[in-house]
Amino acid sequence: MATSSKRSPNRARPGRTLSLFLAAIVALYALVALIGITGDKGDDSPWHPKLGLDLEGGTRITFQAKAESGDITAEKLEQARDIIDQRVNASGVAEAEVTTQGGNQIIVEIPGEKRANIVDEVGKTAQLRFRLVWAGGLTSATTPATPADVAAQQKIIDDLDWSKLSLDQIIAAETSGVASLPAEYQPGIAALQKEAAGFVCTPDGIDVNDIADKPLVTCDTKTGEVEILSPTVIKGTDVSGAEAVVPQGQVSWVVSLKLKGEGKKTFSAVTDALYKQLQAGNTQGSKFAVVLDGEILTSPTTNGHFTNGESQISGDFNGTTAKTLANQLKYGALPLTFSVNGSEEIGPSLAGTQLDAGLAAGVIGLVLVVVYCLLYYRGLGLVIIGSLFVAAALTYVMVLLLGRGVGFTLTLPGIAGLIVAIGITADSFIVFFERLRDEVRDGKSLRLAVEAGWVRARGTILAADTVSIIAAVTLFIFAIGVVRGFAFALGLTTLIDVFVVFFFTKPLVSLLARTKFFGQGHRLSGLDAAHLGISGRKVTEIARTREEVSTSGKGL
């Protein structure tokens, strides 16, 4: 019967699979090189992994807690520590260390070189407050009021109990004017107006006494406009979510907010009243301000009645500033305010001998694995060595890219996770090779044995790697600190093992099965009959089968 020379569409093409996989790895390295060419020249070399605090050192910031009211308690301090930890480790892999000290301090240690903006990102109290604009668009003073004058006006404001004002009265003060407030509050309004007249707005920041239940004179540092704001109508604790997004059909970044509880109800009432003013043509009486730590982020005109508690903060945002603000809001307002009590660069916490010992242990373990594989699998051991090399190359480039992309830092526990993965990767090869050898013992040619053994082995490999990934994910979710680095490294290398064994090891073995050295069972191949423990008639049958396959050119 004639045999068609047309290749079956289902026929395996190991050469093409192997080439595409290696090309993908080369492309990843090319991407790293491109980052080095186009990146910030002040950055570290793109070929140098980001190291953790224990290996490279970093920045230590000491925050001194000061309660706005009441005493500083261990519970409040621990709550603040948790929030700051979430902020600095928002990506989950930066491995900053956040600890409490002395009953009133929080110590933040962040790996990497010192960054000028880190104090603002970490230490902001993020007291987000929604206030109505009682008077907006005021001009910044050129000469500040005297401290004595400011203190006198502030005393008048502080002596009034603004918390007695209802939400309807606060809204009316914007929509109908501050003259609508009860007569007892008019001296306070006059004091606010005098304070605003002497208020200097600077782009470098402002220092105001932001108290939730009192009116506030402040400004938008981006525009320089001074505004008189109402007492807080919605607090930051009513924010249930925040996310930096670019809305569909737009090009500008916004921070999407979701409100909950009383804040959701209040927001509905406020936007209803202000939107009616906008429809009536009163644009000045339809604004509310979003204030972060006393500084106006934006004071937009209300362009709708929002009943579901969802809205957006728009302004002069880029991707970085929008994401920073979203993180600050998403992880809540700190229960305490903080002042910076010191910021310094620190050196590595691990001695060089400890790091050298850890790396030496990894090298010794790798050498032992290689020697064992060569002695036991002989020629097939070279496949294991090649696969380990490819896995190492892929792991290294992923560590580089993840360091640039999500701030992944390599610590000693992370290195331990990479070393542990050597055993996981070797296990996959051993499972495959043992199934392959079983098929050869059953009398199949090597080409047939490779495919049959792979079918039997791949399910076991996937099951074992799935267990490792589940363990790594569970550890990452529930662990804290550098233990998460170990879990992340373990999960990453386990995923890499799946790709290597499927797209490198198996195709490579399929190609080697077509060679005379492996296909005819050379005594150094690891597939010779004697090494497999086969003798007598079985040896003759296998030899005959191999010879037939070799001369006919058939087989997978």
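Mentor: A search of the whole structure, which is a predicted model, finds 16 aromatic pairs.

Trainee: By what is a pair of aromatic rings described?

Mentor: A pair of aromatic rings is described by the distance of the centres and the angle of the planes. For W162 and Y185, the centres are 5.1 Å apart and the planes stand at 40°, so this pair is tilted. W162 belongs to the loop between helix 5 (147-158) and helix 6 (167-175), and Y185 to the loop between helix 6 and helix 7 (186-197), so the pair ties together parts 23 residues apart in sequence.

Trainee: Are W162 and Y185 buried or exposed?

Mentor: Both W162 and Y185 are buried. An edge-to-face case is the pair of F517 and F518, with 5.0 Å centre to centre and 80° between the planes. F518 is buried, because its relative accessible area of 8% is under 20%. F517, at 34%, is partly exposed.

Trainee: Which residues form one aromatic cluster?

Mentor: Y372, Y376, Y377, F432, F433, W454 and F502 form one such cluster.

Trainee: How many bridges join strand 9 to strand 12?

Mentor: Strand 9 (residues 254-259) is joined to strand 12 by 4 bridges. Within strand 12, I313 stands opposite V255.

Technical notes:
Residues numbered from 1 in each chain as written. Predicted model: local features only at pLDDT ≥ 70, side-chain atom pairs only at ≥ 80, totals over all residues. Heavy atoms only, no water. Pairing = 2+ DSSP bridges. Helix = DSSP H or I, 4+ residues; strand = E, 2+ residues; numbered from the N terminus. Phe/Tyr/Trp six-rings, centres within 6.5 Å; stacked < 30°, edge-to-face > 60°. Buried < 20%, exposed > 50% of the residue type's maximum accessible area, 1.4 Å probe, protein only.
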